[in-house]
Each structure stands twice: as structure tokens, then as C-alpha cells.
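Dear colleague,

Please find below the structure that I am handing over to you.

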Amino acid sequence: MIKTLALKKHFQLARHQTLHAVDGISLEIAENEILGLVGESGSGKSTFGKTLIGLHERTSGDAFYQGEPLPKKFTAADHLRYSKEIQMVFQDPYASLNPRMTVLDIVGEGLSLRGMARSEVQEQVAYWLSRVGLHPDHMSRYPHEFSGGQRQRIGIARAMIIEPKFVVCDEPISALDVSVQAQVVNLLEDLQRSMGLTLLFIAHDLSMVRYISDRMAVMYLGTLVETGPSDAVFFSPQHPYTQLLIESNPEPDPKLERTRSAQILTGEITSPVNVGPGCRFSDRCPKAMPHCSNETPEPIAIATDHIVACHLYR
Amino acid sequence: MSNPPLLEVEGLTVEFETYGGVVKAVRGVDFTVEAGEVMAIVGESGCGKSVTVQSLMGIIPMPPGRVTAGSARLNGAELLGLEPKAANAFRGKEIGMIFQDPMTSLNPTMTIGDQIAETLKVHRGIPGQQAFESAIKLLEMTHIPEARKRATQYPFEFSGGMLQRAMIAQSLACSPSLLIADEPTTALDVTIQAQILDLIKTLQAQDAMAVILITHDLAVVARTAQKVCVMYAGQIIEHGSVDDIFYQSAHPYTLGLKSAMPSNIGDREKSLNPIPGSPPDLFSPPLGCGYAPRCPHAMRVCHEENPPFFKDSNNTGHAARCWLQAPNAPSVPELYQSNKIASDGA
């Protein structure tokens with residue numbers, strides 16, 4: 001359904017400073033699949049999602065949607081064309097809804113743009129609001145009248161009303177409370193099943209990503225370090241970074257937590273500006289070998305559909 | 001346990017005057033913190049957990065806020081209703097505090113070293129250069145690399161995790177007997193979160209300092225705390241040791257929170273069970289239990305009368321504000337069932 005080949009997005013900061021936000025991502029997402037993309041802040045996961053659907057211009061590489069190459073730079077016509085099939089749900093439910101538009105205008109905008117009559121738009125909006133668990137009477141209200149969870153539902157209704165095929169969810173739950181997170185995740189799962197959607201679910205909550213996604217991809221400094229079936233990646237991580245990431249993930253179980261050793265991953269993600277060759281994780285990796293810092297590791301399949309980019313598995 | 005507790009809070013009630021009426025944010029909260037223990041206060045947005053600790057620190061804006069009842073004693077000395085000057089004497093000295101958002105809680109126009117040194121100058125009267133040297137030592141203690149160079153930098157030159165370390169260094173400058181950490185890791189990545197929680201735990205154990213950890217994340221509680229208070233709608237609804245709260249949960253809300261989280265242990269394929277509905281309006285708090293409208297086990301009495309605390313029969317200090325725990329309450333098999341799943345998974 002979705003395929004990228006060595007997708008890159010670099011930002012030119014100054015004449016000799018290039019920020020390698022996304023640095024050669026090759027990934028496939030099958031139809032009806034939920035792919036979870038995890039990584040720390042600054043690993044480039046949101047930039048990848050945005051570049052994929054044309055919100056950023058690609059620096060190089062290819063992206064395909066249903067076998068058809070996506071343009072490098074989306075024109076207004078491209079956006080209109082692809083937005084029928086590709087939609088996005090944003091992270092911050094406070095910043096991503098226009099405070100001066102009513103819910104009807106926000107949710108119905110996509111349909112109005114396609115020339116649907118006002119009365120019909122209203123009908124559709126009412127249907128979708130109830131579908132995401134809001135009251136249809138709420139359509140004349142403004143975003144500030146809703147709680148965070150309700151706003152996220154409005155954002156979801158806005159994306160789903162177009163009946164897209166592929167949706168990028170960029171940290172849709174990180175701004176929400178635990179019990180509300182569960183509501184929103186269940187809603188997304190339910191919509192995914194009933195509409196046959198393909199989802200790219202970007203998040204940093206590992207437990208939630210394991211729960212919702214079929215496959216999981218781990219990013220570090222603009223590159224993919226590991227991809228595979230969610231349970232395989234979570235319960236038998238192979239890349240040293242994935243191992244440390246999952247070891248850091250706290251579990252709601254005090255007895256288990258007491259048996260855990262102190263955090264071994266020291267330091268922080270390095271700067272993505274002017275990165276050199278070699279494995280991006282080599283400077284923090286406890287298992288780093290001399291050649292890790294100058295040879296870029298190639299992705300290696302260690303099991304069916306489980307791919308690791310690490311010299312340890314060469 | 002013969003010593004009096006370090007901090008004793010009784011009947012704390014805080015209200016806010018707004019255009020829409022009076023919000024009863026904290027409705028009679030009691031708890032104690034012993035020296036050298038980590039106590040977590042867990043709850044969702046709007047449950048009053050931050051307001052509770054902010055009123056201890058005297059940093060609630062008044063008006064619109066006001067503490068209408070209750071007392072809070074640190075080593076026997078009353079904290080509530082102090083004059084600003086008296087409050088300044090213990091804030092930062094007896095009680096240190098770290099906030100959720102390190103970016104906005106530090107002064108952007110002062111170097112990190114000067115901000116930490118300021119605490120020492122004000123509370124300890126240590127002269128400038130000496131205070132700055134101590135600031136460098138504190139930064140080293142929180143594992144900031146190149147502390148001497150970092151001390152001369154400004155907050156914008158630090159990452160989120162480093163700023164949180166700097167704020168911990170600042171709050172520990174006067175070796176407080178109590179550290180209040182209000183969602184210290186919510187804005188951080190898991191790897192950095194683990195580093196910060198380990199740091200807080202190590203420093204806490206070194207100085208036998210008490211910590212109140214405010215969070216909404218049960219996993220963070222499991223990793224860090226010894227004692228837990230669960231808050232809902234301005235009240236503590238369950239308190240006890242971390243094991244009692246996780247493995248012998250007595251309040252349906254605590255169980256609800258647990259089953260709303262994905263499980264990676266035990267039953268991995270367990271579905272997420274969100275808590276239906278939303279918390280009550282604190283403009284007019286309900287007569288009965290605040291959780292009753294969302295509770296799957298609610299009885300008539302739950303809607304009519306707010307339950308008192310019912311103690312666990314083992315007398316371990318575990319208690320829940322729930323009518324189901326009353327001696328004559330009907331038993332709820334599912335409640336025990338869900339507890340069993342949790343403890344089997346361990």
C-alpha cells in the first residue's frame with residue numbers, strides 16, 4: 001500500500017549545516033495494517049510521517065502509494081487529489097483545530113471543498129460526530145468548549161469523514177490522560193477494522209504501540225534500526241538500541257520494577273546536524289565495535305519480517 | 001513508626017473563585033509522609049493532585065484560590081496560611097520542588113549556575129563565588145557532564161532532560177527534608193525518564209529525603225514509589241503501600257485505571273477497557289461518591305452518601321473510600337477476579 005525507498009528529508013540550517021531529520025528510510029506498509037513507528041524526540045518520526053504524505057518536500061528517495069509514485073513536491077492539485085485517500089491526525093488537539101471555526105466547519109471542510117451541499121455536509125458531520133462518540137448537537141460549538149480527549153475525537157472525525165484509505169496518526173494520544181488514551185485507541189482500532197484503514201501510528205509510548213500495531217518500526221536519528229512484528233520487536237528486541245529502549249519502558253507492576261537494574265542507557269540522542277557515516281547509535285551503544293562508527297550497517301533479516309540494522313548480526 | 005511523620009496533612013480543602021462559580025478543587029485531603037519515603041499521588045488531569053502540593057508550597061495564586069480548611073505540618077510546624085516572608089523561609093529550604101515543564105520553570109535570562117547559586121545565597125547566606133562553586137558540585141551530583149562549562153550556560157542551551165537535572169540540582173541545593181516532584185518526567189522520553197527517576201531515587205536514598213511524586217502514570221509509580229495515594233475529584237479515594245494498590249486494589253477507580261493501560265506482562269492480548277464517562281463537575285461536587293456515575297458496581301448508597309475510608313482487614317494502612325469495602329457490602333466477584341489477573345502476571 002505504502003512504500004518508501006531511501007526516503008530522506010534534510011533541512012538546511014546554514015551553509016554548512018544540514019540537519020538530517022530523516023536519512024534513508026525504506027519501509028513498506030501493507031493494506032489494512034497498523035504500523036507503529038516509535039523513537040525518541042528528535043528521531044525524525046513525525047518528519048517521516050509528514051514527508052511521506054507531502055507536508056514536507058522530500059530531499060531524495062522515493063515514496064509510493066498503491067504502487068504509484070508520489071510527487072516529490074506536492075502541488076495544490078496533488079494535495080486535493082491525495083487528501084481524498086490520505087489523511088492525518090495530529091498530536092496536539094489544542095493547536096490543530098482552528099479556534100475560530102465551529103466543529104461543523106472543521107469536520108465538514110474536506111467535504112465542502114469537494115463541493116458537497118451544506119445540508120449534506122451537515123448530515124455527514126452529524127453522523128461522524130456520533131461515530132467518534134460526540135453528540136451531533138455539538139457541531140455548532142467551538143473547539144475551546146471541548147476537553148482534550150473530545151478535541152482529539154474532533155480531529156479524528158475530520159480525518160475519517162473523507163473515508164480515507166491511509167491515515168497517519170502523529171502521536172494522537174500523548175497529550176491525553178490514561179483512561180482517555182484507552183478510549184481514543186479503542187476508537188482508532190474500531191475505525192481501522194470497520195473501514196479497512198491502513199494506519200501509520202507514530203508514538204513514543206511503547207506499550208501502547210505494541211498493543212495497537214501489527215508491526216513496529218524503531219527509529220533512531222533519522223534511520224530505522226529495527227522493524228518486525230510488534231510482539232517480536234517488543235518481547236525479543238535484537239538491536240541494542242531497541243533493547244535499551246524497552247528496558248527503559250516502565251511497567252505498571254511494582255514487583256517487576258524492583259527486579260530491574262538501574263538505567264544503563266546514559267547520555268542523550270546526539271545532534272542530527274551534519275551526521276557522518278557509521279551506525280548512528282554507535283557512540284552510546286554498549287556493544288559498539290570499532291568499525292561501527294565508520295561503516296553504516298545494512299538492514300539484515302534475522303527472522304521472517306524481522307529486520308535489524310546492526311553490525312552484530314552480520 | 002513511633003516518630004511523628006515528617007509531613008502531616010489534614011482536611012486540606014482548596015477552592016477557586018471563578019466567573020462560573022466556586023470550583024472545589026481539593027475536598028478534604030489527609031495524608032502523611034514519613035522521612036525517607038517516596039509517596040506517589042496518582043490521578044488524572046483535574047483531580048486536584050497538583051493543587052494539593054501547590055497549596056503546601058503556598059504557591060496557589062490567591063485570589064482566585066483559597067485554602068478554606070485543613071492544616072499541613074512539616075516537622076510540627078504549620079505550613080498553611082503563612083505570611084509571604086515566613087513562607088519564603090521554608091520554600092526551597094525545607095521543601096524543594098521540581099515542576100513538569102523545565103523549559104518554563106527556569107529563568108531564561110540567568111545562567112543555570114547563577115540560578116542554583118541564588119538559592120544558596122538567599123537561604124544559606126553563602127557568598128557569590130562560593131555559592132557558584134557549590135552549584136557546580138550540585139550539577140555534578142545530578143550527572144551533568146562538563147558541569148563547570150554547563151553552569152555558565154543559559155536554559156535554552158540545555159535539552160529537556162538536562163534542564164530537568166538542573167532543576168533537581170537547584171531544588172536539592174539546601175538539602176531539603178522533602179522534595180515535591182510534580183510530573184517530573186511527563187515531558188520526557190522513556191530513556192530520559194528512566195534516568196531521571198533513577199536519579200531521584202538515588203539522591204533520595206543517599207540523604208534519606210522524603211519525596212512526593214505527582215504523576216498520572218501508574219508505571220512510573222510502580223518504578224519509584226513505596227506508598228501511593230490515588231486521587232479522584234478532589235479526594236483521596238485509596239491509599240496504601242505500592243503493592244497493596246497494585247495487587248489488592250480496593251477501589252473500582254484504581255482498577256479502572258489499571259485496566260485502561262495495555263499490559264505487556266501476563267495476559268498480553270487483554271483489551272483496553274477505558275473508563276466510560278468523565279469526572280464530575282467540581283463546581284457542584286456530587287453528594288455521594290464522585291466515581292459512582294462511572295462505576296460499574298455503583299449501588300444506591302454510592303449516589304447518596306460519600307463513603308468514608310474503610311480499612312483493609314490486615315491493618316497495613318491500606319484503605320479505600322468505597323462502600324463496597326463496608327463490612328456489610330455485597331461481594332463483587334469481578335473485582336477480585338481482576339485483582340487476581342494482575343497479581344498472577346507478576
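Helices, of at least four residues, and strands, of at least two, are taken here as DSSP runs and numbered from the N terminus. Please note that this is a predicted model.

On that basis, chain A has 10 helices and 12 strands. Its radius of gyration is 20 Å, close to the 20 Å that the globule rule gives for 314 residues, so chain A is as compact as a globular protein of that length. The C-alpha trace of chain A spans about 65 × 50 × 40 Å along its principal axes. Of the 314 residues in this chain, 49% count as buried. As for contacts in chain A between residues at least 6 apart in sequence, 63% of them join residues at least 24 apart.

I turn next to the interface. In chain A, 32 residues are in contact with 34 residues of chain B. On the side of chain A that touches chain B, the elements giving two or more residues are helix H6 (178-195), helix H7 (206-212), helix H9 (240-248) and helix H10 (254-259). H6(A) provides the largest share of that side, with six residues. By class, the residues on this side of chain A comprise 15 nonpolar, nine polar and eight charged.

One helix pair spans the two chains. The axes of H9(A) and H8(B) come within 8 Å and cross at roughly 55°; the two helices are therefore oblique to each other. Their crossing is left-handed. H9(A) contributes A:Leu244, A:Leu245 and A:Ser248 to the contact, while H8(B) contributes B:Val190, B:Thr191 and B:Ala194. Four residues of this contact are nonpolar and two are polar, with no charged residues.

H8(B) also takes part in a helix pair within chain B. The axes of helix H7 (residues 160-171) and helix H8 (residues 190-207) of chain B come within 10 Å and cross at roughly 10°. Angles under 35 degrees count as roughly parallel, and H7(B) and H8(B) are therefore roughly parallel to each other. The crossing of H7(B) and H8(B) is right-handed. On H7(B), the contact is made by B:Gly161, B:Gln164, B:Arg165 and B:Ile168; on H8(B), by B:Ile192, B:Gln195, B:Ile196, B:Leu199 and B:Ile200. The residues of this contact divide into five nonpolar, three polar and one charged.

Yours sincerely

Methods: Residues are numbered from 1 along each chain as its sequence is written. Chains are lettered from A and ligands numbered from 1 in the order in which they are written. This is a predicted model: local features need pLDDT of at least 70, side-chain atom pairs count only at pLDDT 80 or more; totals for chains, interfaces and linings use all residues. Axes are lines fitted to C-alpha atoms, for helices over the stretch in contact, and angles run from 0 to 180 degrees between N-to-C directions. Angles under 35 degrees count as roughly parallel, over 145 as roughly antiparallel, 65 to 115 as roughly perpendicular and the rest as oblique. A crossing is left-handed if the near helix is turned anticlockwise from the far one by less than a right angle, and right-handed if clockwise. Two residues are in contact if their C-beta atoms, placed from the backbone, lie within 7 Å. Ala, Val, Leu, Ile, Met, Phe, Trp, Tyr, Cys and Pro count as nonpolar, Asp, Glu, Lys and Arg as charged, and the others, Gly among them, as polar. The radius of gyration is taken over C-alpha atoms; the globule rule is 2.2 Å times the number of residues to the power 0.38. A residue is buried if 20 or more other C-beta atoms lie within 10 Å of its own, exposed if 12 or fewer, and partly exposed in between; C-beta atoms are placed from the backbone.
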